[in-house]
Amino acid sequence: MRSTFLLLAFLVLHAPAAWAERVTVFAASSLTSVLGEIAAEFEAETGHQVTLSVAGSAALARQILSGAPADVFLSANPDWMDTVADDILPGTRRDLLGNRLVMIAPAPSDPVPLTADALTARLADGPLAMALVEAVPAGQYGKAALTHLGLWRALAPSVAQTDNVRAALALVALGEAPLGIVYATDAQADARVTTVATFDPASHPPIRYPVAALTDRAVTRAFLDHLKASTALFTHHGFEVLP
């Protein structure tokens, strides 16, 4: 009887570890900070484990198309989600978040008018840091905004392109670039930079972060539900939570 009781007690105590699963999340690099906190909450509440793979949305989409194992994809723009449409579990895609596009400089810095003369003067000491303008959403939005304002042709020779938006942020934070174009949430995440200008949302396509499941697993659905319930954390990090 005693041995049976001990066996049952062992099974009960160790059941969560036996049932724990791992969910792999591919996410745009601009979500690095907030997803780290959300993943930690999810692990504490459920006992499951989260593997975060953060990079430019384009690179992640290509990895998914090449067969990389991922359960959830969070893109920084709808086009790259469209690219992996055949891999998405039907009925799971939705626009989760919005963001703003800003110009940053090393802190402290004064505001900068979005004019060719003002920006060219500031760039006399170095490049304009931007994510890849033809592939990474932050770079694509940035190029669209500069083109809308009639500034792209003048500033293009000064652009230093990076693999993702967090790399562009790092160039400015380290003082290696006097200006950079990133999301407002990236600027908020690093005290070494300050926002010197905010782009009018009408100057570029709407910034939307779609999310979708790539596998039909209970742990995948649980993580998606947790994301949708993380409104306070997303808002705290500066994201717009979409209805």
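View 1. In β11, Val241 is the bridge partner of Leu97, and strand β4 (residues 94–98) and β11, which run antiparallel, are joined by two bridges. Strands and helices are DSSP runs numbered from the N terminus, a helix being H or I over at least four residues and a strand being E over at least two, and two strands pair if DSSP finds at least two bridges between them. The model is predicted, so that local features need pLDDT of at least 70 and side-chain atom pairs count only at pLDDT 80 or more, while totals for chains, interfaces and linings use all residues. Residues are numbered from 1 along each chain as its sequence is written, and side-chain values use heavy atoms, with hydrogens and water left out.

**View 2. The open sheet of six strands has mixed pairing.** Its strand order is β2-β1-β3-β10-β4-β11. Because β2 (49–55) and β11 (240–241) stand at the edges, each with a single partner strand, one side of each is left without a neighbour in the sheet. Helix α2 (residues 32–46) lies across β1 (22–28), β2 and β3 (72–74), and runs at about 170 degrees to β2. Helix α10 (residues 218–228) also packs on the sheet, where it touches β1, β2, β3, β4 and β10 (208–213), and its direction makes about 45 degrees with that of β1. Contact means heavy atoms within 4.5 Å; axes are lines fitted to C-alpha atoms, for helices over the stretch in contact, and angles run from 0 to 180 degrees between N-to-C directions.

**View 3. Helices α2 and α10 pack with their axes 11 Å apart.** The angle between α2 and α10 is about 125 degrees, which makes α2 oblique to α10 (angles under 35 degrees count as roughly parallel, over 145 as roughly antiparallel, 65 to 115 as roughly perpendicular and the rest as oblique). From α2, Leu35, Ile38, Glu41, Phe42 and Glu45 meet Val219, Ala222, Phe223, His226 and Leu227 of α10. The residues of this contact divide into seven nonpolar, one polar and two charged, where Ala, Val, Leu, Ile, Met, Phe, Trp, Tyr, Cys and Pro count as nonpolar, Asp, Glu, Lys and Arg as charged, and the others, Gly among them, as polar.

**View 4. The open sheet of five strands has the order β7-β6-β8-β5-β9.** Its pairing is mixed, and since β7 (159–162) and β9 (193–198) stand at the edges with a single partner strand each, one side of each is left without a neighbour in the sheet. The twist averages 35 degrees from one strand to the next. Strand β5 (residues 101–106) and strand β8 (residues 179–183) run antiparallel and are joined by four bridges, with Met103 opposite Ile181 in β8. Helix α6 (residues 137–148) packs on this sheet, touching β5, β6 (128–131) and β8, and its direction makes about 125 degrees with that of β6. Helix α8 (residues 165–173) packs on the sheet as well, touching β5, β6, β7, β8 and β9, with its direction at about 145 degrees to that of β8.

**View 5. The peptide bond from Ala107 to Pro108 is cis.** Omega for this bond is near -5 degrees, and Pro108 is found in the loop between β5 and α5 (116–122). Most peptide bonds are trans.
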